[in-house]
Amino acid sequence: MKSINSSSLKLRRQTTFIVIAILFMTWAAAIYEIQRSKQTFIQEAELRTEKNAHIFSEYSLSTIKRLNSFILDAREEWHGDWAKFAEYVQYHQNMIDDLVFQVAVIDSQGMMRFSSLSKPQAVVDLSQREHFRVHADAPAKDRLFISKPLMGKVSRKWTIQLTRPILKQGTFDGVLVLSIAPEFFSQFSEQLFSQNQSQLKVIRNSGEIMAISPVSESMYNQRVQAPYLEAAAPQAGNFRSHDPDTGAEEIGGYYKLPDHGMTLVSVEPVQDVLAPYRPYRNVVIGVACLTSAAIIFFFLLLRNSQKRLGKATRVTHELQGIKEQAVNANEAKSQFLANMSHEIRTPMNAVIGLTNLLLDTDLSPHQRDYLKKIHLSGTALLGVLNDILDYSKIEAGQMRLESVPLRLGEVLDKTRALFDVQAREKQLTLSFEVSPEMPDGLLGDPLRLLQVINNLVGNALKFTQEGRIEVRAGIIEQTEQSVRIQVSVRDSGIGLAPGQLDHLFEAFTQADLSTTRRYGGTGLGLSISKRLVELMGGELWATSVAGQGSVFCFTARLGLRQAGAATLPPPAQAIGPVQPDFAGARVLLVDDNPTNLLVAGAYLRRMGLEVETTDNGQAAVEQAIRSPFAAILMDLQMPGMDGFAATQAIRAYGNRTPIIALTAAAMDKDRQAAEAAGMDDHVSKPIDPRQLAAVLRQWIPARQAVAAPAAATAAATPAAHAAATARLNLAQAAEALGGDHELLQQVLERFHQDFAQAPEQLREALREQQFDVAIRLVHTLKGLAPTLGAETLHRLAVRFEQDLLRRDTGLQAEFEQELGAVLGEVATASAIEDRQA
């Protein structure tokens, strides 16, 4: 009892630690995503402002070049006559009217000789203006000068002066002035960046603001101190600053025109830059809060279930007083903790998996009910967490779909089981309909197909308050290799407006803001479903009328499993099965179990094959090297050299004989391991003669022969009087053996001879902790049980083998009891068959 209490306390501590770790990882991921998205918006603003400054500088530079060209051309017409020079300038001014506010001429004494705006009554003295002094003080230096903003003495308006000296044979005769309004730059920026809220500035290298957009005359000539104005600063870049008036932080980009002493700056307030980021941040925080709440709720349910489970364990221990049960309980808890540690990277999957394991044990109705609710809650929470992971995988192109056998009806049954209780609670009718033409033998990814259907049905339940939800599946196209299906989910819910349908399948999108508040959700489900459907070769769409409900439909292309053996239309004179005839080709059959050799050898000889057998991998290698064979049928699990090692050894000698795996290990990973070892094909036990013939037909040339009616009748006769027992379906076993009564008798005798001591051998192996021996024995029985019609033993062997791989012996007693009963009935049936023969 003390050990049980200690284990229960340890389990609670471990569970608490794992839940805390999950919460920590959830919020760490949320904080990381918030910081990452914020940095992304800032980086985009930096790139945008620098690009805007560059574009602005390119335009400004082209304008300056155009004005400078006009000045140079006009200056060539200076011949010492101010009146004629003024006339020339005035006449050609129309070339730059779209740019220039005023054209003026100043003589060498600083007196204005001409202005295009007016003819002053008195000569205006501009000798102290910067744009005159810079040329008068250095008459030998011919350069284009751009002034800071000035209030014009004639126009009384703010202007920026572009000037060059008027020279005659190297002598300074005056200054030619082109005046442009600072607003000219503002107007250009508004045209170029009409959709942009950034502020643009033109700043002299000495720090004075020359122009600003939006226009603010009070800012002209205000001085700016910034590192980018320093001579050593790069020509282009970014900076962070604060608005001197509001103190708000700003993100800026700049581009310098060093030849003209100007820097063009684009600035955006950080508050505006981060405006679209804030809703996304709120979504991430909301998802993190929802996930945390669900984890805590799940944790409380789990703790309650742990308490009840611990109490049940203590009661069982007190009533039965069996130490072995306490040891098994401790092993189960240890296995639970080991699985939790192993799955720490995805802890929710581990919890759900352990719940499944507990559901397979003896439980009270209340305990089973609680565990089912925990499983459903955990599955729903895992769906929320997996949404973001799935979306990232899809975006990265890392999503891969499986192609395994599936039945669409079973997929829909799982959806029904998940949502039936919720539908009944809302008093909704939830119906499912599968077209009778839908084939059973489909190939696809049942988990991803279930994910899409669950998402659509879950949404329908979420947005439907009364009425019904109908799920229908049908065929819209079928070929020999594949079938195109369509699944529709119709509800009588709130419906959608046309504008909402346009953005329904975008990531992080809800129908409207009220939907987010009332119904919740990440906004990823439909986006992920759409991408999954596209990976299945289909499409997802919706039709809806607001207030009248919605219909969500998707198509998918699924593969078709090929039949184990082809059939031909029966001729009029004879009706019988199609039999392959391999015309005496030799094959090597390798299996460590005599019963398997007996059954498989009989099947092969019926097909016209000559069969040589061996019971170990080393002998198989020697025979394959010594003699040629049309094919080798290789068991995988054998003592000593197993089928994988034997195949690799045969291939190492350069032998390319087709090798076919013949084993009860029928999982995809087993097929992949067989292919990796060098095997060419795979046939699973119990052996289906049609499947075996179909596989052999791919590797050995054969002709087809139709069996005579008499043969069919003769085959049916022994099967008709096959005995039946409580645990053996001998009629089915005889049918599987092609109606060969004599072969059935041999199989029964061989099975009893080979496995009479199997219960004791199993107990001894587990007592000595020789799990590999026990697993091999159970694995062999798993493959042979269907041959005898022992379905219960087969199902127990499948479960017990998986348990033994995890060192779990909880099914040992039940398995031994069933095996002993089957052996007894095999002995009885063998005697009956012998008398009937």
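**Entry 1: helices H23 and H24**

I looked up the packing of helix H23 (residues 758–767) against helix H24 (residues 771–788) in this predicted model: the angle is about 150 degrees and the axes lie 8 Å apart. Helices (H or I, at least four residues) and strands (E, at least two) are DSSP runs, numbered from the N terminus. Axes are lines fitted to C-alpha atoms, for helices over the stretch in contact, and angles run from 0 to 180 degrees between N-to-C directions. H23 is therefore roughly antiparallel to H24 (angles over 145 degrees).

I then listed the contact (heavy atoms within 4.5 Å). H23 contributes Ala758, Gln761, Leu762, Ala765 and Leu766, and H24 contributes Phe771, Val773, Ala774, Leu777 and Val778.

**Entry 2: the sheet**

I traced an open sheet of five strands in the order S21-S20-S22-S23-S24, with parallel pairing (two strands pair if DSSP finds at least two bridges between them). Strand S21 (610–614) and strand S24 (681–684) are the edges; each has a single partner strand, so one side of each lacks a neighbour in the sheet. On average, neighbouring strands are turned by 20 degrees against each other, direction ignored.

I checked S20 (residues 586–590) and S22 (residues 631–634), which run parallel and are joined by four bridges. Valine 590 stands opposite methionine 634 in S22.

**Entry 3: helices across the sheet**

I found helix H15 (residues 594–606) across S20, S21, S22 and strand S23 (659–663), at about 165 degrees to S20. Helix H17 (residues 643–652) lies across S22 and S23, at about 155 degrees to S22.

**Conventions**

Residues are numbered from 1 along each chain as its sequence is written, and side-chain values use heavy atoms, without hydrogens and water. In this predicted model local features need pLDDT of at least 70 and side-chain atom pairs count only at pLDDT 80 or more, while totals for chains, interfaces and linings use all residues.

Technical notes. Angles under 35 degrees count as roughly parallel, over 145 as roughly antiparallel, 65 to 115 as roughly perpendicular and the rest as oblique.
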